[in-house]
Amino acid sequence: MKEESMATRRKVIQRMLEGAVFMGGGGLLWGKSVNASTKADYVLRPPGALKEKQFLKACIKCGQCVEACPYDTLKLAEPGDGIANGTPFFEPRTIPCYLCTDMPCTDSCPSGALDLKALTKEDEKADILNSRMGLAVIHKESCLAYWGIRCEACYRACPLVDKAITLDYEVNERTGKHAKLLPIVHSDVCTGCGVCEQACVAEKAAIFVLPLDKSTGEVGDHYIKSWEKKDEQRINEDVEKADDDKDVKSAIDYLNDDDLIDD
Ligand code: SF4
Ligand code: SF4
Ligand code: SF4
């Protein structure tokens, strides 16, 4: 009964919104295109896909990757899907990517829109575990484990268990005597395959894959991790640059002046 009234409420709100947009004259199209662009922004592409803009230019919509997928994971977008027509995508909650070691989808792409090189690190061979289709994120408020209920469904389903997802132990302060086993996703390992999303027991998955540009931040080049070799090199480069620029060098010298440093 409660669910029914919720559904009715949703329908009423949807109709009101459609009506409002329709009354705007020509707004109906606008409403649909906002909906479409939102979905397109969150689309997940097959392993080895180029960055979205380049992917859209390169994909010739031949469907060979879809044909090659043995799990029917991939679909070609159709009108109304809200995704560039004819391009391949997947929805992990329905069918995730099972990370085939022979990468048939990527391998079959004739246009380079899916590129084995994107699955290659340094001089090694292409490896499906290098794919970054997206990143799994956890909505803690709807994750049973964060409530203190034993679950672990996503953790156990993950093909990279104990690497892409680990469990953190925490005392359950509510009961004072139980442990919470909290799933944590590791962004440096997670492939974005979505097996966890499909396995989640919540009605709407509490762990779900988002495209990288929607799930990751960016600090900016001006922050340097002095404790990392690569970044240390950047400091040296900046100091060398400063040597060539007297004003900048004197500013650095001034900031490093003993008088400015507390005892
Ligand atoms: S890796 Fe395998 S399961 Fe995943 S999309 Fe490609 S063919 Fe399908
Ligand atoms: S095989 Fe490549 S070009 Fe063909 S639909 Fe798939 S991604 Fe696009
Ligand atoms: S998407 Fe989920 S199942 Fe796949 S590697 Fe990442 S954490 Fe594991």
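**View 1. The shell around ligand 3 divides into 11 nonpolar, three polar and no charged residues.** Here Ala, Val, Leu, Ile, Met, Phe, Trp, Tyr, Cys and Pro count as nonpolar, Asp, Glu, Lys and Arg as charged, and the others, Gly among them, as polar. The surrounding residues number 14, and Cys 158, Ala 164, Cys 190, Cys 193 and Cys 196 are the closest. A residue is near a molecule if its C-beta atom, placed from the backbone, lies within 6 Å of it. This is a predicted model, in which local features need pLDDT of at least 70, side-chain atom pairs count only at pLDDT 80 or more, and totals for chains, interfaces and linings use all residues. Residues are numbered from 1 along each chain as its sequence is written, while chains are lettered from A and ligands numbered from 1 in the order in which they are written.

**View 2. Ligand 1 has 15 residues around it.** Look for Cys 69, Thr 73, Cys 97, Cys 100 and Cys 105, the closest of them. By class, this shell holds 14 nonpolar residues, one polar and no charged.

**View 3. Around ligand 2 there are 13 residues.** Cys 59, Cys 62, Cys 65, Cys 109 and Ser 111 come nearest. Eight residues of this shell are nonpolar, four polar and one charged.

**View 4. Ile 207 meets residues from elsewhere in the sequence.** Beyond its neighbours within four places in sequence, Ile 207 is in contact (C-beta atoms, placed from the backbone, within 7 Å) with Ala 136, Ile 138, Cys 143, Cys 154, Pro 183, Cys 196, Glu 197 and Cys 200.

Notes. Two residues are in contact if their C-beta atoms, placed from the backbone, lie within 7 Å.
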